[in-house]
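Thanks for making the time this morning.

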Amino acid sequence: MYKTGIYQRDCLTMTALRGFFGRRKFVAVTLYPEIASGNDPDRDRLLEHILCRFATANGTYKRTQSHRFDEFDAQVIQILRGRLDPGSRCAIHDMAVSDGRTAVEFFQGLASIDCVELAFLATDAFADLMVVSSPPKALAVVIDPESGAPVQIIRPPFVFNVERHESILLYPVNRLVLDTILRTSVRVLLKRFAVRDPELKTAHVRLLSPECLQLLKADSRFHFERYSILEPAAERFNLVRAMNVLNRSYFSEADLHLAAKNVHESLLPGGLFVTGSNEDAGSPVDGAVYERTQTGFRTLWVSGTGSQMDDILLRQRSA
Ligand SMILES: C[S@@+](CC[C@H](N)C(=O)[O-])C[C@H]1O[C@@H](n2cnc3c(N)ncnc32)[C@H](O)[C@@H]1O
């Protein structure tokens, strides 16, 4: 058995994606900018679909959806509102935002709190990609520019995710082709890229939603930067949020401890940490709001079954 991918704009339609097999296909992430800048009535759904099964260099998915946590956001905003002094500055850090659509919604909810000076930083470690190809060959390799690692390979009629590839049992042909081209044509292309071969074609792909790009232009309170939750933050915030990222299926226990330490250090005294995970838009969020104490965290509010990091956060003891 083998499975082809979607790599041409014409083939990426809601009709093509309906049904089990359409939904399961990998979509070339190189289609994101073209769809984002167009005016297809299904634009948002198509962009969500491109990100849904696209995996980054560390194996995390870029999956996100508009209105993914509207009710949860409303509760968080209510908790925060009650703690802010009129006229005070309110600095927010929304981490691992994927293409930023849920950050825009959170920003808009927070902007409705009047009398505070809002400063909102949205970040993600993997928003920028580089695409390398060697025309007229059809092969294109999508690279994480930080590590230089290939993350997606487009070799018509296939689209391969390098980190989260297809099961060898279900799709043995896909695995055979992927393993072969990784050792041959992809390796050659990456070597040529490393020595800056001028014959290669390169393109930059930024995975930020149209709404996020629009807000970045229009509102000076909203910013986007590259940041990894495993690095210390450069600023301090009143509220830090990490949704659908600090999961045990993504990070080791040691990395989750490191992330908890970084969040603690980046919060102002009494600041809030909001974290949780859910499935599709509107599904229940298992998460919580924690308050930063001098040495660790204290639970303020729990949603659903709570955060996957609960034990780590409650055991966190800063120096
Ligand atoms: C499943 S998406 C969640 C997106 C959004 N927060 C949501 O809930 O819809 C996970 C995101 O985490 C990002 N990510 C993975 N590892 C990261 C890291 N070490 N630091 C920052 N972001 C990371 C990925 O790039 C991806 O955009």
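**Backbone exceptions**

With 8 C-beta neighbours inside 10 Å, Arg-196 counts as exposed, where exposed stands for 12 or fewer other C-beta atoms within 10 Å of a residue's own, buried for 20 or more, and partly exposed for anything in between, with the C-beta atoms placed from the backbone. Before I go on, please keep in mind that this is a predicted model, in which local features need pLDDT of at least 70 and side-chain atom pairs count only at pLDDT 80 or more, while totals for chains, interfaces and linings use all residues. Residue numbers start from 1 along each chain, as its sequence is written.

Arg-196 is not a glycine, and its phi is positive, near 55°. Arg-196 sits in the loop between helix H8 (185-194) and strand E7 (201-206); helices (H or I, at least four residues) and strands (E, at least two) are DSSP runs, numbered from the N terminus.

His-67, also a residue other than glycine, has a positive phi of about 55°, and its place is the loop that lies between helix H4 (43-52) and helix H5 (70-81).

From Pro-135 to Pro-136 the bond is cis, with omega near 10°, and Pro-136 belongs to the loop between strand E3 (128-133) and strand E4 (140-143). The bond from Pro-156 to Pro-157 is cis as well, with omega near 5°, and Pro-157 is in the loop between strand E5 (150-155) and strand E6 (158-161).
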